[in-house]
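Hi,

Here is the structure I promised to pass on to you. Have a look at it first, and then read my notes below.

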There are 2 protein chains.
Amino acid sequence: MAIPAVEALVFDVFGTVVDWRGGVIAEIERVAKGKGVAIDGAAFADAWRGAYVPSMDRVRRGEVPWTRLDDLHRATLDRLVVQFGLTGLSETETDHLNRVWHRLPPWPDAIEGLSRLKRRYIIATLSNGNVSLLLNMAKNVGLPWDTILSAELVRHYKPDPEAYLGTADLLGRKPQQVMLVAAHNNDLQAAQRCGLRAAFVARPHEHGPGKADRAKASGQYDAVAEDFVDLARQLGA
Amino acid sequence: MAIPAVEALVFDVFGTVVDWRGGVIAEIERVAKGKGVAIDGAAFADAWRGAYVPSMDRVRRGEVPWTRLDDLHRATLDRLVVQFGLTGLSETETDHLNRVWHRLPPWPDAIEGLSRLKRRYIIATLSNGNVSLLLNMAKNVGLPWDTILSAELVRHYKPDPEAYLGTADLLGRKPQQVMLVAAHNNDLQAAQRCGLRAAFVARPHEHGPGKADRAKASGQYDAVAEDFVDLARQLGA
């Protein structure tokens, strides 16, 4: 039986499309400076991101009801501002800081690569970020998505199978007609177990200096690309 | 208290953005001609659309479980091909015909108007059409949505309040920060009862010749526009 052609590309976002670490560090250091506090922005960013998977896992295991990522981020932030001594933030300032995840910068190749891929494929997010986060991010920097798809829409965080299968269903496509693009092996392999295609894109700077070894493909993928422009070339877009 | 500014425009689609009647008539007449059958395409289109509200109402009343619009359309189509004597269609041909709703033509001002509005606002669908229908339609003719929102995502058809309130929630906005754009008074008034803003756009040709009286604004709206370019002008976009 012929494998149906890929019609839709869905993208992991944090780390794959945008530089969460660089964006969070810059914002934390700006805020801390404004408050006259000395903070290691990289340590803060890594601690914030470090709570990401454990906080979603509590939702995935059913220990807490469905909670959107903005609210998981906020619970972690409230803990970290105390831990790092980032005092004196008003509620408005804290809320604005929490939304730094809505304002992350894309990797330099992202917009050019997505614009090329969009001419040939449906391009959509498939992120654990909530819809409004992903939409605000896209409007802020001009990410040209055809639509925003999110764990929020199926109420299952990746790597739950429902996140991948529910997304293919919303797209009206068979899993084999949908390809996940991500910089993370666990995400891609969970998608493959659901029948989706998988493209690995290397993001050696995601975790900061000296961590490029975390950004190596460790599976059998339909494509392995240097960046989104290289992916567009490989996919004929 | 100041009314917060509108940040997102959400659009009814069938009749407001695209000419469902013209699109369905053209497709039915093309298919019928190919099968050597004489059919009144306008009567077929009106009968198909005539079953739209009653079929959704059965879902809204809970008489049948959630059913996406593609499947409601198909159940009606299966009845109409018998009634109109449109025989000899294969399953593939019937499925393709059912998806004519994915391939409807936009009104002449729609793309220009949306492109202008997109520079200032988030622009999204808020349609009873399912996500894949709206996405395929957008890709087919180049409707420049920031994202596709649909009754399917909240599992409530308009005019259920959940459709409007759930959409504002996904957008991360208060209802007053969201404006529905539609050519239909009942849709706009249901949105207003939920606290959304409302803009009426006249589509005098939606129901065919001699039916322009069905396209008059009959409420108090935040804007009443001739078309999407006029709306962009009124909203400063």
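In chain A, helix α1 (residues 20-34) and helix α2 (residues 41-50) have axes that come within 8 Å and cross at roughly 125 degrees. Here axes are lines fitted to C-alpha atoms, for helices over the stretch in contact, and angles run from 0 to 180 degrees between N-to-C directions. Helices are DSSP runs (H or I, at least four residues), numbered from the N terminus. That angle makes α1(A) oblique to α2(A); angles under 35 degrees count as roughly parallel, over 145 as roughly antiparallel, 65 to 115 as roughly perpendicular and the rest as oblique. The crossing of α1(A) past α2(A) is right-handed, a term for the near helix being turned clockwise from the far one by less than a right angle.

Before going on, please note that this is a predicted model: local features need pLDDT of at least 70, side-chain atom pairs count only at pLDDT 80 or more, and totals for chains, interfaces and linings use all residues. Residues are numbered from 1 along each chain as its sequence is written, and chains are lettered from A and ligands numbered from 1 in the order in which they are written.

Which residues of α1(A) meet α2(A)? They are A:W20, A:R21, A:V24, A:I25, A:I28 and A:E29, and across from them in α2(A) are A:G41, A:A42, A:F44, A:A45, A:W48 and A:R49. Contact means that the C-beta atoms, placed from the backbone, lie within 7 Å.

In chain B, helix α2 (residues 41-50) packs with helix α4 (residues 69-83) at about 145 degrees, their axes 10 Å apart. α2(B) also passes α4(B) in a right-handed crossing. B:F44, B:A47 and B:W48 of α2(B) meet B:T76, B:L77 and B:L80 of α4(B).

Now for the two chains together. Chain B can be laid on chain A by a turn of 180 degrees and a shift of 0.0 Å along the axis, with an RMSD of 0.0 Å (least squares on the C-alpha atoms of residues with pLDDT of at least 70 in both). That is the relation of a two-fold axis. Of the residues of chain B, B:T147 comes closest to the rotation axis, its C-alpha being at 2.1 Å.

Between the chains, 13 residues of chain B are in contact with 14 residues of chain A. On the side of chain B that touches chain A, α7(B) gives the most, with 5 residues.

Best wishes

Definitions and conventions: Helices (H or I, at least four residues) and strands (E, at least two) are DSSP runs, numbered from the N terminus. Two residues are in contact if their C-beta atoms, placed from the backbone, lie within 7 Å.
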